[in-house]
Amino acid sequence: MSSLRLRLCLLLLLPITISCVTVTLTDLPAFREAPAFRNGRECSKTTWIPSDHEHNPSIIHIAMTLDAIYLRGSVAGVFSVLQHASCPENIVFHFIATHRRSADLRRIISSTFPYLTYHIYHFDPNLVRSKISSSIRRALDQPLNYARIYLADLLPIAVRRVIYFDSDLVVVDDVAKLWRIDLRRHVVGAPEYCHANFTNYFTSRFWSSQGYKSALKDRKPCYFNTGVMVIDLGKWRERRVTVKLETWMRIQKRHRIYELGSLPPFLLVFAGDVEPVEHRWNQHGLGGDNLEGLCRNLHPGPVSLLHWSGKGKPWLRLDSRRPCPLDSLWAPYDLFRYSPLISDS
């Protein structure tokens, strides 16, 4: 783990002495070990082999990104999935990380979840650096935020279906229910919000261009949040979806047709062509808007997944002792191990 070790010397009087201790500062948090979650009796224990090209319907594949800034959220998300799963040993996690910190991240995941089946894939930020333009919030411009576009390339061919989760959510229901939805002819399944005003997601340049806005012609463009998606990777590959998304990113780079990071390309490619999922599977927006991060309430209806999309993250607000009321729902899944700043060891 990358760290900075400092010698801190304190001047003590009566008598005058100098006492020095070592302070270790690190940019990656430490976590408590999660308990072992075992399959229920109704589960058929199975082992996933990446080189096996046969589809195994008993295995649930979940993809998430891993980085230093959101690691605490990712760990809480994994913990929440395992805690509520009926067959936790049949879940395989696919973590996407940049090469720079993958060794440290692997060590942390292995020590926090010793019984977890997982794989880490290296994402090259250079794939998207030249295609990203600045948005309304710097966090939306990080290359790893675009890794979901490349899941079909990063994950083995044997993975034909995957659930993608953002790193700022917790699951409070059996994820197998989400896994089993029928995508029918669609590539993506997600909760849709058809009352959203699409005018707000694109700039005036987009709407003034007949060529651009014709992309939404003859479609009922409903908003969906890309932090929770069930994806048919086989259809994604067949329909060359990655190329379509990259095309819109290149247009954005030249003509500035939107302001919201990686979301608008997904809306342009998929809006109106998504398999609707119950809203309970993405109670999103709990982090507030992208600029202020003000507290939000739950949407009406049942809840299977809580998502702190937006500027405010629950671990930051809890640490600052200025939490929003709903942040208390995230706290039970926080495995962060607090330690004193100064240690004499």
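Two cavities of 30 Å³ or more were found in a search of the whole structure. A cavity is a set of points, on a 1 Å grid over the protein atoms alone, where a 1.4 Å probe fits but cannot get out. The model is predicted: local features need pLDDT of at least 70, side-chain atom pairs count only at pLDDT 80 or more, and totals for chains, interfaces and linings use all residues. Residues are numbered from 1 along each chain as its sequence is written, and side-chain values use heavy atoms, with hydrogens and water left out.

The largest cavity has a volume of about 120 Å³, taken as the space filled by probe spheres set on the points, which are joined across faces, edges and corners. Its lining (residues with an atom within 4 Å of a point) includes Ala34, Pro35, Phe37, Leu82, Pro88 and Glu89. Ile91, Phe113, Pro114, Tyr115, Leu116 and Thr117 also line the largest cavity. By class, this lining holds ten nonpolar, one polar and one charged residues. Ala, Val, Leu, Ile, Met, Phe, Trp, Tyr, Cys and Pro count as nonpolar, Asp, Glu, Lys and Arg as charged, and the others, Gly among them, as polar.

The second largest cavity holds about 50 Å³ of space. Eleven residues line it. Ser133, Tyr146, Gln252, Tyr258 and Gly261 lie nearest its centre. Four residues of this lining are nonpolar, five polar and two charged.

Helices H9 (residues 241–255) and H10 (residues 263–270) have axes that come within 9 Å and cross at roughly 125 degrees. Helices are DSSP runs (H or I, at least four residues), numbered from the N terminus. Axes are lines fitted to C-alpha atoms over the stretch in contact, with angles from 0 to 180 degrees between N-to-C directions. The contact (heavy atoms within 4.5 Å) involves Val241, Lys244, Leu245, Trp248 and Met249 of H9. H10 contributes Pro265, Phe266, Leu268, Val269 and Phe270. Nine of the contact residues are nonpolar, none polar and one charged.

Definitions and conventions:
On a 1 Å grid over the protein atoms alone, a cavity is a set of points where a 1.4 Å probe fits but cannot get out, and a pocket is an open set with protein on both sides within 12 Å along at least five of seven lines; lining residues have an atom within 4 Å of a point. Helices (H or I, at least four residues) and strands (E, at least two) are DSSP runs, numbered from the N terminus.
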